[in-house]
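Below are some comments for a student reading this structure for the first time. Please look through the sequence and the model before going on to the points.

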Amino acid sequence: MINVTKTFLPPQTEYQSILKYAWDTGWITNRGVLVRELEGKLRDYLKVPDVLLMTNGTLPLQIAIKALGLKREIITTPFSYVATTSSIIWEGCTPVFVDIHPEYLTIDETKIEAAITSKTSAILATHVFGNPCDVEAIEAIAIKYNLKVIYDAAHCFGVTYRGQSIFNYGDASTCSFHATKLFHTGEGGALFCKSDQFDKMYWHHNFGHDGQESFHGLGINAKMSELQAAMGLAVLPYLSHVLESRKTVIDAYNEALYGLDIQLLGLRKHTEWNNSYYPIIFKNESQLLAVKNALNQANIFPRRYFYPSLNTVKYINGKSMPISERIASRALCLPLYSGLSNANIERIITIVKKELCW
Ligand SMILES: *Cc1c(COP(=O)(O)O)cnc(C)c1O
């Protein structure tokens, strides 16, 4: 069976030898040696001033909304994973959708101003498939209207824009280290923010403690455990191998699919991308379903990312977003992971082309 992704697992002995610290010290959570070591290594690897590791990629979104004091309306994108919107609602705010750019798939910055009201407190946008939003335009709007900016950068591990980490943009950015993501700790995530916000984010992620017996204020538990950090430390040395191996798959797909009547991901200029996803946007939904069914018949399971468009989710009930809905109904991510064999890449390509060229 071939799934859309396959978790990269480091040699088990290497994971175990890192875990030995936890056994030797009897310390398996509450920001032990391993969490702090991983934070240090990620700071260096990503070239960011600070990293705050958390137990998944959703809590940092909620903590950022809380810590930045966001209220009432938050402008956001309908083309993302549900966690982007659900975090807004969970924090008691209202998501106000702005449609997406048809080529870049990120929030359409030219439509943001029209959605701003006296209740707007922030923009929460997603860098889709590692493709950055127009961060300069969004920053200019935020300054003009005094809004905060949060980026859901769950897909963006290692992405740089204009020569620096994409995590450095906005008031806060979040990443996911879920097992399906490029770099992972099983479950896990991180928060990046401006240095003057760091302490507050930190307190929030640890019950609000600012000492063993004292509290700075309200908090929640979003701490990463030592067991999660050990996985990250074991995976990190293999990242360049993972990236190269994914690049081989992407090159093969690109070469085979070039010139067909489909849309591929349009990367924004000045972006150094991370080979994170391979979406195909078909001409229509029936073409997508035909390709998906043909692949499924061969025990190959691509995924519809992102589907459905979040404005159509029942409990969210946003207003109509024609571009996002149209893209969501036609976008399929092909299997992409290190270790996908050439023979399997060829099988996938053959099936896709056969359905497309019928
Ligand atoms: C994976 C993902 C999340 C959630 O991350 P978790 O680590 O699973 O909580 C949020 N937003 C986007 C865009 C994602 O792809």
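**Notes on salt bridges, domains and a surface patch**

1. Lys 41 and Glu 37 are four residues apart in helix H2, so about one helical turn separates them. The model is a predicted one. In it, these two residues form a salt bridge, and their closest N and O atoms are 3.3 Å apart. Lys 41 is partly exposed, at 39% relative accessible area. Glu 37 is also partly exposed, with 31%.

2. Side chains of opposite charge can pair when their charged atoms come close. How many salt bridges does the structure hold? There are eleven.

3. Another of these pairs is Lys 111 with Asp 108, where the closest N and O atoms are 3.8 Å apart. Is Asp 108 buried or exposed? Asp 108 has a relative accessibility of 8% and therefore counts as buried, since the limit for buried is under 20%. Lys 111, at 35%, counts as partly exposed.

4. Lys 283 forms a salt bridge with Asp 261, with 3.4 Å between the closest N and O atoms. Lys 283 sits in the loop between strand E15 (279–281) and helix H9 (285–297), and Asp 261 in the loop between helix H8 (239–257) and strand E13 (263–264), so the pair ties together parts that are 22 residues apart in sequence. Asp 261 is exposed, with a relative accessible area of 51%, because the limit for exposed is over 50%. Lys 283 has 49% and is partly exposed.

5. The protein is divided into domain 1 (2–237) and domain 2 (239–356). Their C-alpha centres lie 24 Å apart. In the contact between them, 49 residues of domain 1 meet 50 residues of domain 2.

6. The size of an interface is often given as the accessible area lost when the parts come together. For domain 1 and domain 2 the buried area is about 4200 Å², and 64% of it is on carbon and sulfur atoms. Which three residues supply more than any other three of the area that domain 1 buries against domain 2? They are Ile 2, Val 4 and Phe 129, which supply 21% of that area. Between domain 1 and domain 2 the count of salt bridges is zero.

7. A last point concerns the surface. Trp 23, Ile 28 and Leu 227 form a nonpolar patch there, and together they have about 330 Å² of accessible area. Ile 28 is found in the loop between helix H1 (12–25) and helix H2 (33–46). Its relative accessibility is 44%, so Ile 28 counts as partly exposed.

Terms used
Residues are numbered from 1 along each chain as its sequence is written. This is a predicted model: local features need pLDDT of at least 70, side-chain atom pairs count only at pLDDT 80 or more; totals for chains, interfaces and linings use all residues. Side-chain values use heavy atoms; hydrogens and water are left out. Patches are made of residues with over 30% relative accessible area and no salt bridge: like charges are joined within 9 Å, nonpolar side chains (Val, Leu, Ile, Met, Phe, Trp, Tyr) within 5 Å. Accessible areas come from the Shrake-Rupley method with a 1.4 Å probe; for residues, only the protein chains shown count as cover. A salt bridge is a side-chain nitrogen of Lys or Arg within 4 Å of a carboxyl oxygen of Asp or Glu. Helices (H or I, at least four residues) and strands (E, at least two) are DSSP runs, numbered from the N terminus. Buried means under 20% relative accessible area, exposed over 50%, partly exposed in between (1.4 Å probe, protein chains only). Domain bounds come from an automatic or database domain assignment. Contact means heavy atoms within 4.5 Å. Buried area is the accessible area (1.4 Å probe) that two parts lose on being put together, summed over both.
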